[in-house]
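User: Could you walk me through reading aromatic pairs and helix packing in a model like this one?

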Amino acid sequence: MILVTGATGALGQQTINFLLEKGIGPENISGLARDEKKASFLNEKGVEVKVGDYFNYSSLVSAFKGVDKLYFISSGDVNNRDIQHQNVVNAAIEAGIKHIVYTSVESTSGGIDSPLAKISIPVLKTEEWIKNSKINYTILKNNFYLEMLPMFLGENVLETEKIYTTTGEGKIGAVLRSDLAEASANVIISDDSINKIYHLSNTDAFNYNQVKDILNQSTGKNIQLIQLNPQELKEHYIKIGLPEYVAESLMDFSNAKSNGEFDVTSDDLKNLLGRKPVSIKEFLENLAIK
């Protein structure tokens, strides 16, 4: 039995869909959700919904019983990841899970000086907890989602013809979330991934100058790159209507990109997919058409 956590989220849903497409019977897949009603669409596919909350240890132990492979998606609750992830790993041990496939993050730093330390440190600690659990593991170090890029460029970038950033020449090996989901499904199905770490980055990295050039070539626009310092960028995001906590988060991600924390390329994703992942050029050209 396979259990996919975060089953109502985008990555969880897409991974379940790929498992089904690849021939895994719905009776062999279950999805973990906090709210059974929100996950009712899984029942329509024949996939069992198990109710569990990363905060509720006993609910996890109950949900994990009878599960062989656990697809463990990192919590989105950045402030409480430590306790939540400890609950997941300890519940997996108690329930007798045989294999954990964990979605970690790619970062060239991950240290306390990183702008994203609040995100990366708990995730890296989780990797160690899983390794020390004596459960077979596969760690998927996911790079930045390409789908998040429009939020940083500005939803109306083609109208404003301006991209505000702090990134400079910092490169990003960003990947499409659906490519990560398909690779995850292939790992879950495979018996060759035990105790391996995969760096799920694109085969080529890009910077915002390249983004600007691709958009201009695709649209005939004259988009300009406006370099700001971190505080100016945060103020820009607030000015266009974003809540302060969102503006601060976007600023932190931009600073991390400037530092090259996502400047990782790898053939791991390509090899798991059996094809090249969707490139930044393909993604942006499709975005420009829309």
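User: How many aromatic pairs does a search of the whole structure find?

Analyst: Rings of Phe, Tyr and Trp (its six-membered ring) pair if their centres lie within 6.5 Å; planes under 30 degrees apart are stacked, over 60 edge-to-face, and the rest tilted. Here the search turns up seven. Bear in mind that this is a predicted model, where local features need pLDDT of at least 70, side-chain atom pairs count only at pLDDT 80 or more, and totals for chains, interfaces and linings use all residues. Residues are numbered from 1 along each chain as its sequence is written, and side-chain values use heavy atoms, leaving out hydrogens and water.

User: What kind of pair do F144 and F262 form?

Analyst: A tilted one, at 5.5 Å centre to centre with 55° between the planes. F144 is in the loop between β6 (136-142) and α6 (149-153), and F262 in the loop between α11 (244-258) and α12 (268-273), so the pair ties together parts 118 residues apart in sequence. Helices (H or I, at least four residues) and strands (E, at least two) are DSSP runs, numbered from the N terminus. F253 and F262, by contrast, are stacked: 6.3 Å centre to centre, 10° between the planes. Ring pairs join F144, F152, F253 and F262 into a cluster.

User: Are F144 and F262 buried or exposed?

Analyst: Buried means under 20% relative accessible area, exposed over 50%, and partly exposed in between (1.4 Å probe, protein chains only). Both F144 and F262 are buried, and F253 is buried too.
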